[in-house]
Amino acid sequence: SIWKNCLRRMTKSRAVIDDAIWNDMARAHPDATGLVRRRVLADRPYDVFAAVEQPAHRRLLVLSVSPDGLVLPAFPETRSVSTQVAQIGAGLLEIRVRLEVPEMTSVFTPFIQDVVTNVGLASTGQAAVDALAARITHWKCLLSGGSEGMGPDAVQGLFGELWTLGNVVAPSIGMCEAIQAWTGPDRALRDFVIGGSAIEVKSTHTRPPAAVTISSELQLSTADLDGLLLVAIEFDAAAGRIGMSLPELVDSLRSAAKECEAELDSRLVQSGYLDLHRRHYVQRRFVVRHLHIFEVGERFPRIVPQSVAPGIGDVRYRLTLGACEPWVLT
């Protein structure tokens, strides 16, 4: 089947940013004053460095570009991260992204990994600078550090995606490959992309009739896919020690993902999950009562772009799971 043929997923090589980069530089140059740098992107018309400002041990990312014809975008301001532009002689401009609040290190590291990955796709200095500004904007809420955590709907949605990752996707393709296939943190159209196929995850409570909300006419479209699965999870509310909390599920996945735990942590932060908010999530527990896996086919009940009249947009609808039974998979 297409699901057996799409288990391999090619990934682009990229620089890996983790705590060890900054810790190694700080230990190697304990008596230095100023910036200690390590290049993390080369062979491009710009340079990107991880850096430590000594003796304060402040962590930075430095993007060095030519100022010729460069148009600087507006860089969003956040509580945790500052962005400074410095002219280095006549032929070089440096944009320095610095961590200002040490308590936000758990956010800064995956943020910088995301920045380096996206900036590394740029073919010009201008494109690199624009990508940097775009990623700061994307991460602004988390970098502001004022959130008390995710709301109930976001917690349930993330639990559903992570449960699917650990119990549906990873057993088929491996844990690290499943984490790489998880596109939910990118606010992508589907939650998992494996080769040319995709998985969309929906979670709901066990109250009849069981139904899930489809957020757009594109979400169940298969026009650009080899195949699409809809995974619908029915939860029961739980109390006491019954069921599992979101932090417990995260801990379980981390234990199973030792070789790619940094990648998992990065994706969790992008999803809005921070360990500093664990206390807000421990009381809410989930019991999975029913798991439905449907193969979305030609006659599957759905709204798709070709069925929507011109002028209609922002389509959102509820799909009753009972109507999908002819397409159920084991």
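Predicted model: local features only at pLDDT ≥ 70, side-chain atom pairs only at ≥ 80, totals over all residues.
Reader: What makes the pair Cys176 and Cys260 a disulfide?

Author: The S to S distance is 2.2 Å. The cut-off for a disulfide is within 2.5 Å, so the pair qualifies. By this rule the count comes to one disulfide.

Reader: Which hand does the link of Cys176 and Cys260 have?

Author: The link is left-handed, with -95° about the S-S bond.

Reader: What does the pair tie together?

Author: Cys176 lies in helix H6, residues 175-181. Cys260 sits in the loop between helix H7 (246-256) and helix H8 (261-271). The pair therefore ties together parts that are 84 residues apart in sequence.

Reader: Why is Cys260 called buried?

Author: Its relative accessibility is 9%. Buried means under 20%, so Cys260 counts as buried.

Reader: Is Cys176 buried, partly exposed or exposed, and how do you know?

Author: Cys176 has a relative accessible area of 22%.

Reader: What about Cys324?

Author: Cys324 has a relative accessible area of 0%. That is under 20%, so Cys324 is buried.

Reader: How do you know that the span of helix H4 agrees with its number of residues?

Author: H4 covers residues 125-144, which is 20 residues. At 1.5 Å a residue they should span 28 Å. The end C-alpha atoms are 27 Å apart, so the two values agree.

Reader: Where does H4 bend?

Author: At His138, by about 50°.

Reader: Which residues of H4 are buried?

Author: Among them are Gly125, Ala128, Val129, Leu132, Arg135, Ile136 and Trp139. Each of these has a relative accessible area under 20%.

Reader: How does the reach of helix H5 compare with what is expected?

Author: H5 runs over residues 152-173 and has 22 residues. From first C-alpha to last, H5 reaches 30 Å. That is close to the 32 Å expected at 1.5 Å a residue. H5 also bends, by about 40° at Leu165. Gly174 follows H5, and its phi is positive, near 100°.

Reader: How much space lies in the second largest pocket?

Author: About 870 Å³. The pocket is lined by 32 residues. Closest to its centre are Asp153, Gly157, Glu161, Val201 and Lys202. The elements that give two or more residues to the lining are H5, strand S7 (197-205) and strand S8 (211-214). H5 gives the most, with seven residues.

Reader: What is the make-up of that lining by class?

Author: The lining of the second largest pocket has eleven nonpolar, eleven polar and ten charged residues.

Reader: What makes His57 worth a remark?

Author: His57 has a positive phi of about 60° although it is not a glycine. Most residues other than glycine have a negative phi. His57 lies in the loop between S2 and S3. At 47% relative accessible area, His57 falls between the 20% and 50% limits, so His57 is partly exposed.

Reader: Which peptide bond is cis?

Author: The bond from Gln54 to Pro55, with omega near 10°. Most peptide bonds are trans. Pro55 is in the loop between strand S2 (47-54) and strand S3 (58-65).

Reader: Why is Asp314 called exposed?

Author: Asp314 has 79% relative accessibility. Exposed means over 50%, so Asp314 counts as exposed. Its phi is near 55°, a positive value in a residue other than glycine. Asp314 is in the loop between strand S11 (285-295) and strand S12 (317-320).

Reader: Is Arg316 buried or exposed, and how do you know?

Author: Arg316 has a relative accessible area of 61%. That is over 50%, so Arg316 is exposed. Arg316 too lies in the loop between S11 and S12.

Reader: How far is Arg316 from Ser215 in sequence and in space?

Author: Arg316 and Ser215 are 101 residues apart in sequence. In space they are 4.7 Å apart, C-alpha to C-alpha.

Reader: What makes Arg39 partly exposed?

Author: Its relative accessible area is 45%. The value sits between 20% and 50%, so Arg39 is partly exposed. Arg39 is found in strand S1, residues 34-41.

Conventions: Residues numbered from 1 in each chain as written. Heavy atoms only, no water. Helix = DSSP H or I, 4+ residues; strand = E, 2+ residues; numbered from the N terminus. Expected span 1.5 Å × (residues − 1). Bend = angle between axes of the 7 residues up to and from the residue. 1 Å grid on protein atoms, 1.4 Å probe; cavity = no way out; pocket = protein on both sides within 12 Å on 5 of 7 lines; lining within 4 Å. Points joined across faces, edges and corners; volume = space filled by probe spheres on them. Nonpolar A, V, L, I, M, F, W, Y, C, P; charged D, E, K, R; others polar. Buried < 20%, exposed > 50% of the residue type's maximum accessible area, 1.4 Å probe, protein only.
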